[in-house]
Amino acid sequence: MERSTIFAGFGGQGILFAGNILARAAMAEGLEVFWIPSYGPEMRGGTASCTVIVAEEPIGSPVIDRADAVVALNPPSMARFEASVGPRGLLVLNTSLIEAQPSRTDIEVVAVPCTALARTAGDDKLVSVVALGALIARRPLVPLAAVRRALEVVLLAKRPEILAADLAALEAGYAAALEGALTPV
Amino acid sequence: MASAVPPRPAPERVLMKGNEAIAEAAIQAGCDAYFGYPITPQAEILEWMARRMPELGRVFVQAESELGAINMGLGAASTGARVLVSSSSPGTSLMAEGMSYMAGSEVPLVFVDVMRGGPGLGSIGPSQGDYFQMVKGHGHGDYRTPVLAPSSIAEAIALVADAFEIAERFRTPVVILADGTLGQAMEPVVPAYRNPARQVFDWAATGATGRRPRVVRSLHLKPEDLEAHNEHLQAKYRAIEAAETRWTGELLDDAELVIVAYGTAARVARTAIRRAREGGLRAGLLRPISLWPFPSAPIAELASRARGILVVELSAGQMVEDVRLAVEGRAPVAFHGRTGGMVPTPDEVLVSLRHLWAITAPRPPEAGRDERPPRRTARSVPIEPSMRRPASTPEGVDEPAFQEVWR
């Protein structure tokens, strides 16, 4: 079964990085995965996004009709992608920046103050890693440990000094989403 | 649940971006020189080459223009070097002249076009709108170039090495035709790099020390000479057609409706035929891998037993002409495409399949393979419901098309 996730936010929020980490974690789990960025012309202050499809079988269409999950890190992303969530799909909202309530009632919404949690973990830029933790808590596309290992592999090679903060951000998002599951939006 | 899936023993998989995979495959295939000029969505090929080629002591030139790049490629390849040139649609138009010269001069080179939306500067979104340009010949004159169209990143890696091999065996430029989706996406691959064996070229301009000079040229001023040269080229193209026609199929054995699609469109179609079968509509996919030479024979064979053919492209309908030439009226041929950087969704393709089912008649089971249907059904049909579409389900016809086949 193919499960698709759209990560969307401002440029600089680490959208492509979070998708990349999910893709690497899925690959390490022996799954098939397809990662594609939105590489079109994007307006400053608008949205950047990437789509990650995870499946047990070889992946067909790179284009998805409906996403199984959308991670929206800023208001334009929610405006643009809320409608893309399939029925019974998941919408992860960064409530640090998004004040509006989602209009959909047929989807699961997990509201996490991603930017605030990222700041606590060490850096606002970790916002997408927090969101990735929240996503995995609600949709275990891959085990949390696999995401942790993917972060280790990528960051130990490139920027080992920020690994601890990234892992803290991941755990914070994961814990917040589990907790949020008990409270209405 | 992902955690319930037993991990597969695939330790050597790596996550690669399409453009980078194409570039690295060329390097591993022994590419001696790369020439290019930046353009989205293939810029990562140039970036990868800019870093890797100097590391390896090989040639990388970011030329002053596309014309510069392709003609540097022509010059380098004339010496027998293994050369890669890449660009995207507006850039490939500028390179068309060089392709004609290379075909005329019989210079082997691998040319990558990562297609974007057109015409003109168009958009940077994925497209298959360069089919006519790449398959029917880029520049002027009577020539053909083999065109290989990967549908996945792993296949792109394999085809790059094949392209160098075909180019050198037949002394011709060979095109790798991809689109922005394949160039920009990442997939896990087990890189199956291959470095084709080097041939000894008796034509390459390698310096005439101790031997007679060799001339690599496309100019033949005497009509008799040029005609003889053209006949030689045509004989070569017949040999390529016999040796290098490539395609693959899925779920074709019992298919009543056959989709013909390549590259990214074939991946969309692959999902669509599975959804169609979930709803009882027996659909299959024929995916041309070589666009020239075109797999006409298998398409003709399928058309003699299929109820209808649907061509899906990221274009306004280009390959559909070659499909119709292959089908020769044996079955109705419909088309579904999107342009401008839009990609058809699987459900859109499914709707087209259902329309095609609704407006076509079942194939009589006793019809022989070579027997042609009557002229009335031999015409290609539009995808929109036409005057010929029955107002309701015909009597005695099983109509899975009317079943709910949405996911």
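The model is predicted.

Biologist: How much space lies in the second largest cavity?

Modeller: A cavity is a set of points where a 1.4 Å probe fits but cannot get out. The residues that line the second largest cavity include Gly80(B), Arg82(B), Pro108(B) and Phe201(B). Its space is about 40 Å³.

Biologist: Which element gives the largest share of the lining of that second largest cavity?

Modeller: By class, this lining has seven nonpolar, one polar and two charged residues. Phe164(B), Ala167(B) and Glu168(B) are among the lining residues. The largest share is three residues, and its source is helix H7 (residues 153-170) of chain B.

Biologist: Turn to the open spaces. Which residues are the closest to the centre of the largest pocket?

Modeller: The largest pocket holds about 850 Å³ of space. It is lined by 32 residues. The closest to its centre are Ser38(A), Thr51(A), Val63(A), Arg80(A) and Gly341(B).

Biologist: Which element supplies the largest share of the lining of the largest pocket?

Modeller: In chain A, strand E2 (32-37), strand E3 (48-55) and helix H2 (75-81) each give two or more residues to this lining. By class, the lining has 15 nonpolar, eleven polar and six charged residues. The largest share, three residues, comes from E3(A).

Biologist: Between which domains of chain B does the largest pocket lie?

Modeller: Look at which domains give residues to the lining. Both domains of chain B do, so the pocket lies between them. They are domain 1 (12-199 + 217-244) and domain 2 (247-402).

Biologist: Which residues lie nearest the centre of the second largest pocket?

Modeller: About 660 Å³ of space lies in this pocket. Its lining has 28 residues. Nearest its centre are Phe17(A), Val154(A), Leu155(A), Arg159(A) and Ile162(A).

Biologist: How many residues of the lining of the second largest pocket are charged?

Modeller: Elements from both chains take part. Helix H1 (15-28), helix H4 (127-138), helix H5 (144-158) and helix H6 (163-180) of chain A each supply at least two lining residues, as does strand E1 (14-17) of chain B. By class, 15 of the lining residues are nonpolar and five are polar, while the number that are charged is eight.

Biologist: Now the chains. In what order do the elements of chain A run?

Modeller: Chain A has six helices and six strands. Of its 185 residues, 57% are buried. From the N terminus on, the order is β-α-β-β-β-α-β-β-α-α-α-α.

Biologist: In chain B, what share of the contacts between residues at least 6 apart in sequence join residues at least 24 apart?

Modeller: Chain B has 14 helices and 14 strands. Buried residues make up 57% of its 407 residues. For chain A, the share of such contacts is 58%. For chain B, it is 80%.

Biologist: Is Asn94(A) buried or exposed?

Modeller: Asn94(A) sits in strand E5 (residues 85-94) of chain A. Beyond residues up to four places away in sequence, it touches Gln13(A), Ala72(A), Val112(A) and Val127(A), among others. Buried means under 20% relative accessible area. Asn94(A) has a relative accessibility of 0%, so it counts as buried.

Biologist: How far apart in space are Ile309(B) and Ala283(B), C-alpha to C-alpha?

Modeller: Ile309(B) belongs to strand E13 (residues 308-313) of chain B. It is buried, because its relative accessible area is 1%. Its contacts outside four places in sequence include Val258(B), Val323(B), Pro332(B) and Leu356(B). In sequence, Ile309(B) and Ala283(B) are 26 residues apart, and in space the C-alpha to C-alpha separation is 9.6 Å.

Key. Residues are numbered from 1 along each chain as its sequence is written. Chains are lettered from A and ligands numbered from 1 in the order in which they are written. This is a predicted model: local features need pLDDT of at least 70, side-chain atom pairs count only at pLDDT 80 or more; totals for chains, interfaces and linings use all residues. Side-chain values use heavy atoms; hydrogens and water are left out. Helices (H or I, at least four residues) and strands (E, at least two) are DSSP runs, numbered from the N terminus. Buried means under 20% relative accessible area, exposed over 50%, partly exposed in between (1.4 Å probe, protein chains only). Contact means heavy atoms within 4.5 Å. On a 1 Å grid over the protein atoms alone, a cavity is a set of points where a 1.4 Å probe fits but cannot get out, and a pocket is an open set with protein on both sides within 12 Å along at least five of seven lines; lining residues have an atom within 4 Å of a point. Grid points are joined across faces, edges and corners, and a volume is the space filled by probe spheres set on the points. Ala, Val, Leu, Ile, Met, Phe, Trp, Tyr, Cys and Pro count as nonpolar, Asp, Glu, Lys and Arg as charged, and the others, Gly among them, as polar. Domain bounds come from an automatic or database domain assignment.
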